[in-house]
Each structure stands twice: as structure tokens, then as C-alpha cells.
Amino acid sequence: MGAFPTGVVIVATVDVDGSPKGLTTQSFISLSTEPPLLLVGIDRAARTLGALRHTGAFVVNFLASGREDLSTLFASKTELKFRSVRWRPSAVAKGSPILADDCVACAECVVTEAIEAGDHWIFIASVEAATLFGGTPLMYYRRTYASWPEEKPAPSEL
């Protein structure tokens with residue numbers, strides 16, 4: 001599966017005490033536009049899984065180019081992921097963290113269905129709000145990070 005280029009996201013939620021939890025993943029897709037639904041796959045061994053299942057809400061933070069360090073931090077097993085990361089709570093995703101300073105966009109989601117699938121849980125969620133912050137997205141391909149190619153103007157725009 002490493003031969004497929006993907007965007008890099010941090011799925012963030014809060015636990016029963018309201019403490020932020022999150023992880024890096026590439027397992028996400030836009031599932032439906034009407035109604036707006038998003039799907040994320042979370043490994044059953046992920047430390048964030050219990051909080052996500054309890055809260056039933058999350059924010060998908062689409063990382064901006066240059067934020068490889070944040071991707072690596074949230075892919076780690078440290079409990080201190082949010083120690084030096086600025087975030088604000090989502091008003092519609094039960095306080096789940098929005099990482100506006102580090103992302104090109106975010107989707108604030110409420111879980112509508114959770115399905116066990118092999119060694120993962122699949123969460124289908126209603127997108128309650130979405131924000132575009134701008135910038136260039138971070139991509140991942142064959143264990144390497146890269147920026148999405150800059151858009152070139154069409155010949156008619158030159």
C-alpha cells in the first residue's frame with residue numbers, strides 16, 4: 001500500500017476527561033457529498049481509539065507542507081503530542097482539536113457508524129463543519145514526504 005501517494009492527516013479527538021488525543025493517518029476518504037460523510041480507518045492498537053470511540057467525534061486536520069515534524073510526532077506513541085501544539089476546540093465535534101496553524105484544511109466530524117474491519121475500526125462520520133486555511137498540502141509516498149505540486153496557470157491565464 002506504500003506505493004499509493006496520499007495526503008497526511010491528524011485525526012484528533014478528546015478523551016473522557018477532555019484531554020486531547022490524536023494520531024497521524026493516511027486512511028481517510030471523502031465518502032459522500034450528500035450528505036457530507038467522511039471515513040477514517042484507525043488501527044485497533046492505536047492509543048487514540050478508546051477516546052474516539054467514547055467521544056464519537058473527531059477533527060480531520062489536513063497537514064500543510066513543511067509539517068513533517070508534526071506528522072512524525074503524532075505517529076509516535078508519546079502521550080505528550082499536544083504539549084507544544086497550538087489548537088482550539090471544535091464547537092461541533094465535541095471539543096476535538098483543530099490544528100489551524102499547521103493545516104491547509106480541517107473537517108469537523110460526528111461519528112454516525114463504527115465498524116470493526118480486520119485489525120482496524122472504520123469510522124463513518126457526518127462532516128458538521130469544514131474550513132479551508134490555505135497553503136500547500138503535505139503528501140506521503142513510499143516513506144517520503146513531499147509537497148503537493150504547485151498549481152501552474154493554464155496557458156490561457158498567462
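Predicted model: local features only at pLDDT ≥ 70, side-chain atom pairs only at ≥ 80, totals over all residues.
An open sheet of 3 strands has the order β1-β11-β12, and its pairing is antiparallel. The edge strands are β1 and β12, each of which pairs on one side only.

Student: How many helices and strands does the chain have?

Tutor: Helices (H or I, at least four residues) and strands (E, at least two) are DSSP runs, numbered from the N terminus. Here the chain has 2 helices and 12 strands. Along the sequence their pattern is β-β-β-β-β-α-β-α-β-β-β-β-β-β.

Student: Back to the sheet, then. Which strand does β1 join, and over how many bridges?

Tutor: Strands of a sheet pair through backbone hydrogen bonds, either parallel or antiparallel. Two strands count as paired if DSSP finds at least two bridges between them. Strand β1 (residues 6-7) is joined by 2 bridges to strand β11 (residues 138-141), and the two run antiparallel. Gly7 has Met139 in β11 as its bridge partner.

Student: And what lies on the β12 side?

Tutor: There β11 pairs with strand β12 (residues 144-147) over 4 bridges, in the antiparallel sense. Tyr141 stands opposite Thr144 in β12. The two strands, β11 and β12, form a hairpin with 2 residues between them, and Arg142 in the turn has a positive phi of about 50°.

Student: Is Pro137 buried, exposed or partly exposed, and what does it contact?

Tutor: Buried means under 20% relative accessible area, exposed over 50%, and partly exposed in between (1.4 Å probe, protein chains only). Pro137, in the loop between β10 (120-132) and β11, has a relative accessible area of 26%, so Pro137 is partly exposed. Contact means heavy atoms within 4.5 Å. Leaving aside neighbours within four places in sequence, the contacts of Pro137 include Leu63, Val104 and Trp148. Pro137 and Trp148 are 11 residues apart in sequence, and their C-alpha atoms are 5.7 Å apart in space.

Student: What does the radius of gyration say about the whole chain?

Tutor: The radius of gyration is taken over C-alpha atoms, and the globule rule is 2.2 Å times the number of residues to the power 0.38. With 158 residues, a compact globule would have a radius near 15 Å; the chain has 16 Å, which agrees. The C-alpha trace spans about 55 × 35 × 30 Å along its principal axes. Buried residues make up 39% of the 158.

Student: And how far apart in sequence are the residues that contacts join?

Tutor: Among contacts between residues at least 6 apart in sequence, 63% join residues at least 24 apart.

Terms used: Residues numbered from 1 in each chain as written. Heavy atoms only, no water.
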